[in-house]
Amino acid sequence: HFGEYLRTRHPDVKKLSQVTPRVIEDYKTFGIDQRKALMDALNPKVINLTLMLLREMFEYGIKTGFINDNPTLHVRLLDVELRGTFSLTDDQFAVLLNKIEKPYNDFIVLMRYTGLRSGEILDLIWQQVDFNRNVIFVKLREIPLMPPALAVLQECFIGVIDHKARVFSDPGGNRIELSELAGFFDQACIMAGLPLVSLITLRNAFAGDLFQRRVSLLSIGRILGVYDVAK
């Protein structure tokens, strides 16, 4: 998409060093104009995604010595209206946790601060947890453990003998069913006075944390196990 823009508006730009903040700013205008011409066929998210990927590309260019500046850092992303979305604040999440009993609230913390899928957590065994490096290994992915997730796992690990045992199980030692977990989560949302949200909201919040820390989109995708960068 950016290549098409350069060929249309700036055919003289052949090098990274020729891409200036003005060129990047003009790209936003190009995208908006193209969107109007196509009767809203072009989603503004495409423009923002392209800008974010360009930001990573230029950062790589700086590290390898091809350029000295990242022109995308001086350009703001387009405002995008997010419909039908809801994200929990830290205070809301704390209230929510108080409405859920163990071990289900530990599961919720792990999903919020690792971004693992619910099924991946339900099947997680202690062999996949590396306390020396503070990471979890899941399907060739290495997930960093944020302090809340690490604290929960360290507490749960006390007294564990069988490293092939599941990290989370019901009081009878059986595998927790996803439907049961989702039911507890919905009930907690109601008791906390919060909108009913999907468990996927917790996974999205973790991705948002990584993005705020300026972790690259490609790295976030690898951690989440989502290899289509647009998704």
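Is L140 buried or exposed? At 93% relative accessibility, L140 counts as exposed, where exposed means over 50% relative accessible area, buried under 20% and partly exposed in between (1.4 Å probe, protein chains only). The model is predicted: local features need pLDDT of at least 70 and side-chain atom pairs count only at pLDDT 80 or more, whereas totals for chains, interfaces and linings use all residues. Residues are numbered from 1 along each chain as its sequence is written, and side-chain values use heavy atoms, with hydrogens and water left out. Helices (H or I, at least four residues) and strands (E, at least two) are DSSP runs, numbered from the N terminus.

**Helix packing around α5**

- Helix α5 (residues 104-114) and helix α9 (residues 200-212) have axes that come within 6 Å and cross at roughly 40°. The axes are lines fitted to C-alpha atoms, for helices over the stretch in contact, and angles run from 0 to 180 degrees between N-to-C directions.
- The two helices α5 and α9 are therefore oblique to each other; angles under 35 degrees count as roughly parallel, over 145 as roughly antiparallel, 65 to 115 as roughly perpendicular and the rest as oblique.
- On the α5 side, I108, M111, R112, Y113 and T114 make this contact, and on the α9 side I200, L202, R203, A205, F206 and D209 do so; contact means heavy atoms within 4.5 Å.
- Seven nonpolar, one polar and three charged residues form the contact of α5 with α9. In this classification Ala, Val, Leu, Ile, Met, Phe, Trp, Tyr, Cys and Pro count as nonpolar, Asp, Glu, Lys and Arg as charged, and the others, Gly among them, as polar.
- The axes of α5 and α8 come within 11 Å and cross at roughly 90°, and these two helices are therefore roughly perpendicular to each other.
- Y104, F107 and I108 of α5 meet E180, L181, F184 and F185 of α8. The contact of α5 with α8 divides into six nonpolar residues, no polar residue and one charged residue.

**The buried side of α4**

- Helix α4 (residues 90-98) has F93, L96 and L97 as its buried residues. They cover an arc of only 100° around the axis, which puts them on the same side of α4; the arc is that of the directions from the helix axis to the C-beta atoms.
- An α-helix has 3.6 residues a turn, so residues three or four places apart point the same way.
- The buried residues of α4 pack against α5, α8 (178-191) and α9.
- The exposed residues D91 and N98 lie on the face of α4 turned away from its buried side.

**Salt bridges**

- The structure holds nine salt bridges, each defined as a side-chain nitrogen of Lys or Arg within 4 Å of a carboxyl oxygen of Asp or Glu.
- R9 and D26 form one of them, at 3.2 Å from N to O. This pair links distant parts of the chain, with R9 in helix α1 (residues 2-9) and D26 in helix α2 (residues 21-37), 17 residues apart. R9 counts as partly exposed, at 33% relative accessibility.
- K28 and E25 also meet in a salt bridge (3.2 Å, N to O). Both residues lie in helix α2, three residues apart, about one turn of the helix. K28 is buried, with a relative accessible area of 10%, whereas E25 counts as partly exposed at 36%.
- R117 and E120 are joined by a salt bridge of 3.1 Å, N to O. R117 counts as partly exposed at 32% relative accessibility, and E120 counts as buried at 8%.
- A network of salt bridges links K102, D106 and E155. Within it, D106 is found in helix α5 and counts as buried at 8% relative accessibility.
- Leaving aside neighbours within four places in sequence, D106 is in contact with V152, C156 and F168.

**Backbone geometry**

- Most residues other than glycine have a negative phi, and most peptide bonds are trans.
- The peptide bond from K102 to P103 is cis, with omega near 0°, and P103 is found in the loop between α4 and α5.
- K139 is not a glycine, yet has a positive phi of about 50°. K139 lies in the loop between β2 (135-138) and β3 (141-144) and counts as exposed at 65% relative accessibility.
- L140, also not a glycine, has a positive phi of about 65° and is placed in the loop between β2 and β3.
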